[in-house]
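Student: Could we go through this structure together, one question at a time?
Tutor: Gladly, take a look first.

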Amino acid sequence: MNQRETRWAGVLAIVGAGVVASLQVGKVIIAAPLLRQDMGLDLASIGTLTAVFSILGVIGGIAAGGVIARFGARRMLLLGLAATAMGTAAGATVPGYGVLLASRVVEGLGFLMITVAGPAALQRMVSASNRDFAFALWSCYMPAGMAVAMLASQAFDQWQAYWWCAGAAVLVALTCVAALAPATPGSASLSWRGLRQDTADTLGAAGPVLLALSFTLYSVMFFALFTFLPVLLMEQLGLTLAQAGLYSAIASAANIIGNLGAGMLLARGWRRSTLIATASVTMGVVALLIFRSVLPAMPTFLLCVLFSAVGGLIPATLLGTAPLVAPRPALTAASVGLVMQGSNLGQVIGPVTVGGVIDRYGWASASYVVLAAGLGGVAIAACLRKVRAARL
């Protein structure tokens, strides 16, 4: 990357776009009790509402990276925000569960474009010395958006009003990106042959594939807890909806500590694989205590904060590493797309699997899902050490 000054206003605008995108994830999580009351949904149905949001990301991450590389990250970021706003507006006027699911797919298309285009745009506007910190800042988008969603829940007693406000936030972000983010020109014209070659080259490189698998397992762990955390706090610990929203927001925001901490630790020379392995095993072990509710309410909540804070080391490390392991510079966006594909896959698997497991076997059974994912994360971190890239 050529030497340039970091454009922090543009960086903050792009991070803001990520925050309002993840707000669309968090709004379902905290509105779950209202949706259950209004539509009579079980936890598996709530999990599906969360998971279907990410379904396009499961199959289209690399392709989105190819499209973004050719048409420009800023343009795709704006289109993603527009799609998110349209999906949110459609959801707010929904007459039933089926249409609500469809609106979540539209929101998910916007989310995919935003989360793949965001890192690609950042790569063009930060200096080499600021890259790890900028990507650590970007990785805060998910916990920050979810925390905002959960805090804002206390202002609403109807989920439709919540949807309208979330859509308004998207329009504000779109305006900020249009005003502050610099243009990012595309490259060659789009072709199916080029997309196929980009896909083959990216999937043929060990680094992006391992990062994607690691992100899948992290998302399984994170969303296994946070998709159902408000319900867990209410049913197992006896909190009110307002209290559950506040506590969930605090726990989600704790993830930011790990996000920013990863940027500082990487700058100090820590191995990326070490951060991933440490966070994975910690999340797995802590989940055993959380889902089994073996401790009183407050210690259990503090374990949720620990789970989130330590877990934040993983996404920041993965997103900052993706450009380093791209097969060639032109495939940076495709590599980020594959990593986000892994993230979206975990967002699909986690809520649906855990929601079904809890409905059938009880809360304690969910701990085994998270523990297995944590051990898998440790194994992948060991494989990453063999990849020839900067201190993996």
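Tutor: Ser252 has 0% relative accessibility, so Ser252 counts as buried (under 20% relative accessible area with a 1.4 Å probe, protein chains only; exposed is over 50%). This is a predicted model, where local features need pLDDT of at least 70 and side-chain atom pairs count only at pLDDT 80 or more, while totals for chains, interfaces and linings use all residues. Residues are numbered from 1 along each chain as its sequence is written, and side-chain values use heavy atoms, leaving out hydrogens and water.

Student: Within what arc do the buried residues of H8 fall?
Tutor: Buried in H8 are Trp159, Tyr162, Trp163, Ala166, Gly167, Val170, Ala173 and Val177. They line one face of the helix, because seen down the axis of H8 they fall within an arc (taken from the directions from the axis to the C-beta atoms) of 135°.

Student: Which helices are included in what covers the buried residues of H8?
Tutor: On the other side of H8, Val172, Thr175 and Ala179 are exposed. The cover over the buried residues includes H1 (8-39), H4 (73-92), H5 (97-123) and H7 (141-152).

Technical notes: Helices (H or I, at least four residues) and strands (E, at least two) are DSSP runs, numbered from the N terminus. Contact means heavy atoms within 4.5 Å.
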